[in-house]
Amino acid sequence: MEHDHVRAVDPAVADALENEVDRQRSTLQMIASENHVSKAVLDAQGSALTNKYAEGYPGERYYGGCEYADEVEQYAIDRATELFGAEHVNVQPHSGTQANQAVYFAMLEPGDKILSLDLTHGGHLSHGHPANFVGQLYDVEQYEVNPETGYLDYEGLAEQAEAFDPDIIVSGYSAYPRDIEWERIQEAADAVDAYHLADIAHITGLVAAGVHDSPVGIADFVTGSTHKTIRSGRGGIVMTSEEYADGIDSAVFPGGQGGPLMHNIAGKAVGFKEALEPEFEDYAEQTVANAKALGESLVDNGFSLVSGGTDNHLVLVDLRESHPDTSGGTAEEALEAAGIVLNGNTVPGETRSPFDPSGIRAGTPGLTTRGFDEDDCRTVGDLIARVVDNPDDQSVLEEVREEVESLCAENPLYEDE
């Protein structure tokens with residue numbers, strides 16, 4: 001992948017860009033929130049739409065010259081509507097966090113109450129962590145997963161909602177490996193007359209493909225990222241009913257941001273079109289099958305998984321029992337040296353610092369995009385085990401790195417490699 005025009009102007013940045021391409025080609029990208037988009041999406045995101053201001057919405061812009069921006073954004077809206085079956089879709093948020101922000105700004109006042117999952121139990125910063133604007137503007141209380149099973153405690157959530165009386169309950173998570181029962185959370189919200197925001201940032205593609213149950217039509221608001229399991233342009237999305245459409249649109253623009261990133265929306269439109277193809281369902285099913293195979297391999301190698309396994313695209317490993325002297329940070333560093341890129345992650349009942357936690361989180365979206373199958377992912381599980389068992393053994397890291405490079409060569413990132 002060449003960057004000749006960049007190189008002519010800025011060789012240093014061109015070198016960094018080409019080195020990043022080489023890094024992705026020669027290593028296993030297993031951060032659960034990452035994926036590899038197609039060349040078509042890359043082209044759309046690098047298009048001349050990056051030059052265009054298009055404040056407002058299709059047909060109602062505050063600038064001239066938006067006829068083609070309108071076409072592209074409408075394609076993205078229409079395709080997302082078809083994928084998810086939502087009444088109203090806003091594709092302008094720059095990220096999943098800004099999609100969540102739009103819901104909060106539209107429906108809440110500062111000081112209102114939010115009930116959401118604790119970050120160390122699999123929640124997200126934008127659900128109410130005190131370091132995030134949500135925790136600073138709203139009164140946040142957080143629920144937890146069952147510490148013994150690793151599963152959501154729906155009865156406990158409902159009881160906590162009765163006691164706390166929140167204005168909105170947030171579901172959907174960044175490190176929860178199990179299916180989510182949206183109806184049970186909606187019941188808890190209805191019982192206390194609260195809104196329900198379902199954040200499907202991680203599982204957007206799985207929901208679009210029908211591999212995970214959808215909260216659309218159940219929750220009042222559904223937000224997500226558009227660059228994770230769905231492999232489209234980088235950014236966020238909000239879906240809701242016509243009842244709340246105007247409020248959400250106003251909260252996105254002008255409430256939370258100015259001009260939309262039209263080149264990213266072009267990437268969303270192209271990626272959504274790809275997700276409407278029958279092959280995408282095969283991809284989503286393979287992503288889940290690969291995660292299950294990866295988890296089984298890790299268990300066979302003596303690792304403990306939070307909740308004992310996975311129903312989606314990720315596994316969450318708790319190192320405290322199998323490797324009590326190895327932190328998630330140490331494991332992450334050693335694995336990256338061996339060509340396996342994932343992240344240290346907090347686990348339920350975390351006893352370490354979030355900067356050097358007790359677990360690791362691994363996802364299969366990127367591996368599946370490259371063409372990995374269950375056997376490949378079992379092999380990857382074996383490689384992860386070898387590294388975490390021997391994080392300071394340079395010979396092991398070098399051996400694993402060679403095997404990683406072989407796997408990458410067998411499953412090239414782009415077809416013309």
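Reader: In which hand does helix 14 pass helix 16?

Author: In this predicted model, the crossing of helix 14 with helix 16 is right-handed.

Reader: What describes such a pair?

Author: Two packed helices are described by the angle between their axes and by the distance between those axes. Here helix 14 covers residues 328-337 and helix 16 covers residues 374-389. Their axes come within 9 Å and cross at roughly 120°. Helix 14 and helix 16 are therefore oblique to each other.

Reader: Which residues make the contact?

Author: Helix 14 contributes A331, A334 and L335, while helix 16 contributes I384, V387 and V388. Sorted by class, the contact of helix 14 with helix 16 has six nonpolar residues, no polar ones and no charged ones.

Reader: Which residues does the UniProt domain annotation cover?

Author: The unreviewed UniProt entry carries the annotation "domain: Serine hydroxymethyltransferase-like" for residues 7-384. That span is 45% helix and 15% strand, and its end C-alpha atoms lie 37 Å apart.

Reader: Now charged pairs. How many salt bridges does a search of the whole structure find?

Author: The search finds 16 salt bridges. One joins the side chains of E73 and R61, at 2.8 Å from N to O.

Reader: Where do E73 and R61 lie?

Author: E73 is in helix 4 (residues 67-84) and R61 is in strand 3 (residues 60-61), so the pair ties together parts that are 12 residues apart in sequence.

Note on methods: Residues are numbered from 1 along each chain as its sequence is written. This is a predicted model: local features need pLDDT of at least 70, side-chain atom pairs count only at pLDDT 80 or more; totals for chains, interfaces and linings use all residues. Side-chain values use heavy atoms; hydrogens and water are left out. Axes are lines fitted to C-alpha atoms, for helices over the stretch in contact, and angles run from 0 to 180 degrees between N-to-C directions. Helices (H or I, at least four residues) and strands (E, at least two) are DSSP runs, numbered from the N terminus. Angles under 35 degrees count as roughly parallel, over 145 as roughly antiparallel, 65 to 115 as roughly perpendicular and the rest as oblique. A crossing is left-handed if the near helix is turned anticlockwise from the far one by less than a right angle, and right-handed if clockwise. Contact means heavy atoms within 4.5 Å. Ala, Val, Leu, Ile, Met, Phe, Trp, Tyr, Cys and Pro count as nonpolar, Asp, Glu, Lys and Arg as charged, and the others, Gly among them, as polar. UniProt positions are given in the numbering used here, feature names are shortened, and annotations may be inferred rather than shown by experiment. A salt bridge is a side-chain nitrogen of Lys or Arg within 4 Å of a carboxyl oxygen of Asp or Glu.
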